[in-house]
Amino acid sequence: QVQLVESGGGLVQAGGSLRLSCAASGRTLSTYDMGWYRQAPGKEREFVAAISWSGGSTTYADSVKGRFTISRDNARNTVYLQMNSLKPEDTAIYYCNADLRPYGFSNYWGQGTQVTVSS
């Protein structure tokens, strides 16, 4: 079983920055890709960013490219999302994800952390 706990959300003005953290427990995730998703009120959950197990490869949604940076510290079993130049449209609940289904396990989600960007 894997538990993912996000932290670092909050209220910030447009143009500001936040750094989200996702701490994993129950299983080491150093050999698995990880991702961040978000869900705004009344909208579907959408992909934000992903990072390979080694951290050597990253992928971003077009809407956050150049502003957000995903990284990981495998020694701490933690994934980060640095968010700069935040916009009101970035307001959402941000979720950490570890999709271990290809390895015979489940698709794991954290409880989410609220990010609110005021204009």
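Arg67 and Asp90 are both buried. This is a predicted model, and in it the two side chains form a salt bridge, with their closest N and O atoms 2.7 Å apart. Arg67 sits in the loop between E6 and strand E7 (68-73), while Asp90 sits in the loop between E8 and E9, so the pair ties together parts that are 23 residues apart in sequence. For Asp90, the relative accessible area is 1%. The cut-off for buried is under 20%, so Asp90 counts as buried.

Asp90 has another partner. Arg38 also forms a salt bridge with Asp90, and here the closest N and O atoms are 2.9 Å apart. Since Arg38 belongs to strand E4 and Asp90 to the loop between strand E8 (78-83) and E9, this contact ties together parts that are 52 residues apart in sequence. Arg38 is buried too, at a relative accessible area of 5%.

Now follow Arg38 in the other direction. Arg38 forms a salt bridge with Glu46, with 2.6 Å between the closest N and O atoms. Glu46 is partly exposed, at 37% relative accessible area. What do you get when you put these contacts together? Arg67 pairs with Asp90, and salt bridges that share partners join Arg38, Glu46, Arg67 and Asp90 into one network. Searching the whole structure turns up 6 salt bridges.

Next, the covalent link. There is 1 disulfide in the structure, and it joins Cys22 to Cys96, with an S to S distance of 2.0 Å. Which parts of the chain does it connect? Cys22 lies in strand E3 (residues 18-25) and Cys96 in strand E9 (residues 92-99), so to speak distant parts of the chain, 74 residues apart. The angle about the S-S bond is -80°, and the link of Cys22 and Cys96 is left-handed. Are these cysteines buried or exposed? Cys22 is buried, with a relative accessible area of 1%, and Cys96 is buried as well, at 0%.

Strand E9 comes up again when you look for open space. The largest pocket holds about 170 Å³. The elements that give two or more residues to its lining are strand E4 (34-39), strand E5 (46-51), strand E6 (58-60) and E9. Of these, E4 supplies the largest share, with 3 residues. In total, 14 residues line the largest pocket, and Asp33, Met34, Gly35, Ala50 and Ile51 lie nearest its centre. Sorted by class, the lining has 6 nonpolar, 6 polar and 2 charged residues.

Finally, step back to the whole chain. A compact globule of 119 residues would have a radius of gyration near 14 Å, and the protein has 14 Å, which agrees. As for how much is tucked away, 43% of the 119 residues count as buried.

Note on methods. Residues are numbered from 1 along each chain as its sequence is written. This is a predicted model: local features need pLDDT of at least 70, side-chain atom pairs count only at pLDDT 80 or more; totals for chains, interfaces and linings use all residues. Side-chain values use heavy atoms; hydrogens and water are left out. A disulfide is a pair of cysteine sulfur atoms within 2.5 Å. Helices (H or I, at least four residues) and strands (E, at least two) are DSSP runs, numbered from the N terminus. Buried means under 20% relative accessible area, exposed over 50%, partly exposed in between (1.4 Å probe, protein chains only). On a 1 Å grid over the protein atoms alone, a cavity is a set of points where a 1.4 Å probe fits but cannot get out, and a pocket is an open set with protein on both sides within 12 Å along at least five of seven lines; lining residues have an atom within 4 Å of a point. Grid points are joined across faces, edges and corners, and a volume is the space filled by probe spheres set on the points. Ala, Val, Leu, Ile, Met, Phe, Trp, Tyr, Cys and Pro count as nonpolar, Asp, Glu, Lys and Arg as charged, and the others, Gly among them, as polar. A salt bridge is a side-chain nitrogen of Lys or Arg within 4 Å of a carboxyl oxygen of Asp or Glu. The radius of gyration is taken over C-alpha atoms; the globule rule is 2.2 Å times the number of residues to the power 0.38.
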